[in-house]
Each structure stands twice: as C-alpha cells, then as structure tokens.
Amino acid sequence: RRYTNASVDPYSPTLVPAGMGAHFRIPLLRVNPVDIPTLTAGTMLYLADVAQGIPCWQADLSKPVTFIIGNEAHGASVSMRNYSQQNILIPMPGGMESLNAAMSANILLYETARQRNS
C-alpha cells in the first residue's frame with residue numbers, strides 16, 4: 001500500500017489501534033506523487049468521486065486497479081485528479097452527500113474482491 005505526504009500519517013497514535021495490527025502485516029510505502037504513473041503502470045487508475053463517474057459495480061475491477069481516495073472535506077487534490085484514467089463512484093441513494101474516505105475505500109475494495117471471486 002502506498003501513500004503520499006499529503007496523506008495522514010498511518011502510524012499516528014489514533015490510527016494504529018484502529019488498524020488492529022494491519023499496519024504490521026501490509027507493507028506501507030510513502031511515495032512522491034510524481035512517481036504515481038510509474039508505480040501504477042499496468043493498472044487501471046480510478047479516482048473515487050462523489051459527483052461523476054461510472055458506478056463501481058459497472059467498472060471492471062477484475063484486473064489490476066489503483067484507487068485514488070481523497071479526503072472527506074475536499075476530495076482528491078487537482079494534481080492527484082490529473083493522474084486518474086477514469087472516475088468511479090459509489091451511488092448514494094437518498095440524497096446523501098458523501099462517505100468517509102475509509103468507508104469509500106472499504107466499499108471499493110469489497111467490490112473488487114467480489115468481482116474477482118465471482
């Protein structure tokens with residue numbers, strides 16, 4: 001798993017207990033955003049967006065993918081948005097505005113696993 005300097009510190013005292021040990025089982029790598037095209041070569045690079053894109057269950061997530069997940073308040077930065085090949089969204093019935101970033105990531109990862117195990 002890779003993250004940039006603009007991300008929250010994954011080893012902050014708040015996040016380590018919330019991760020329940022996953023921090024020590026999944027390799028984490030801090031990267032420079034300019035390296036993203038090289039690091040994600042061979043994957044479909046999706047930007048999770050609340051307003052536009054293809055619904056996550058219509059995207060082909062059976063092949064290697066990378067997701068850009070922005071923060072809840074402002075979404076992904078302009079520079080991160082420029083790396084995206086396609087916007088993907090989680091349809092939100094009932095007029096809900098958005099989901100928390102971790103919840104969005106969980107839903108997209110679940111849908112990826114569902115497609116790969118079908």
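A: In this predicted model, Asp49 forms a salt bridge with Arg81, and the closest N and O atoms of the two are 3.1 Å apart. This pair links distant parts of the chain, since Asp49 sits in the loop between strand 3 (44–48) and strand 4 (54–55) while Arg81 belongs to helix 3 (residues 78–81), 32 residues apart. Asp49 has 11% relative accessibility and therefore counts as buried, the limit for that class being under 20%, whereas Arg81, at 32%, counts as partly exposed.

The search of the whole structure finds three salt bridges. Another of them joins Arg114 to Glu111, with a distance of 2.6 Å from N to O. Both residues lie in helix 4 (residues 101–116), where they are three residues apart, or about one turn of the helix. Side chains of opposite charge can pair when their charged atoms come close.

Asp60 also takes part in a salt bridge, its partner being Lys63, with the closest N and O atoms 2.8 Å apart. Asp60 is found in the loop between strand 4 and strand 5, and its relative accessibility of 36% is why Asp60 counts as partly exposed. Its side chain is joined to that of Lys63 by a polar contact of 2.8 Å, and a polar contact of 2.5 Å joins the side chains of Asp60 and Ser62. When residues up to four places away in sequence are not counted, Asp60 touches Tyr46, Val65 and Gln115. The C-alpha atoms of Asp60 and Arg116 are separated by 9.6 Å, although these residues are 56 apart along the chain.

Two of the residues that Asp60 touches, Tyr46 and Val65, belong to the largest nonpolar core, whose nine residues also include Cys56, Ala59, Leu61, Phe67, Ile88, Ile90 and Leu108. Leu108, with its neighbours within four places in sequence left aside, is in contact with Ala48, Cys56, Leu61, Phe67, Ile69, Ile88 and Ile90. A second, separate core has six residues, among them Ile36, Leu47, Ile68 and Ala76.

The strands named above form part of an open sheet of four strands, in the order 4-6-3-5 and with parallel pairing. Strand 4 and strand 5 (65–68) are the edge strands, each of which pairs on one side only. Strand 3 and strand 5 run parallel and are joined by four bridges, and within strand 5 Ile68 stands opposite Leu47. Helix 4 packs on this sheet, touching strand 3, strand 5 and strand 6 (86–89), and its direction makes about 165 degrees with that of strand 5.

Ser104 also lies in helix 4, and at 12% relative accessibility Ser104 counts as buried. Not counting residues up to four places away in sequence, Ser104 touches Ile90 and Leu99, and Ile90 is one of the residues of the largest nonpolar core.

How values were computed: Residues are numbered from 1 along each chain as its sequence is written. This is a predicted model: local features need pLDDT of at least 70, side-chain atom pairs count only at pLDDT 80 or more; totals for chains, interfaces and linings use all residues. Side-chain values use heavy atoms; hydrogens and water are left out. A salt bridge is a side-chain nitrogen of Lys or Arg within 4 Å of a carboxyl oxygen of Asp or Glu. Helices (H or I, at least four residues) and strands (E, at least two) are DSSP runs, numbered from the N terminus. Buried means under 20% relative accessible area, exposed over 50%, partly exposed in between (1.4 Å probe, protein chains only). A nonpolar core is a set of buried Ala, Val, Leu, Ile, Met, Phe, Trp, Tyr and Cys residues joined through side-chain atoms within 4.5 Å. Contact means heavy atoms within 4.5 Å. Two strands pair if DSSP finds at least two bridges between them. Axes are lines fitted to C-alpha atoms, for helices over the stretch in contact, and angles run from 0 to 180 degrees between N-to-C directions. A polar contact is a pair of N or O atoms within 3.5 Å; within protein, one must be able to donate a hydrogen and the other to accept it, and residues adjacent in sequence count only if both atoms are side-chain atoms.
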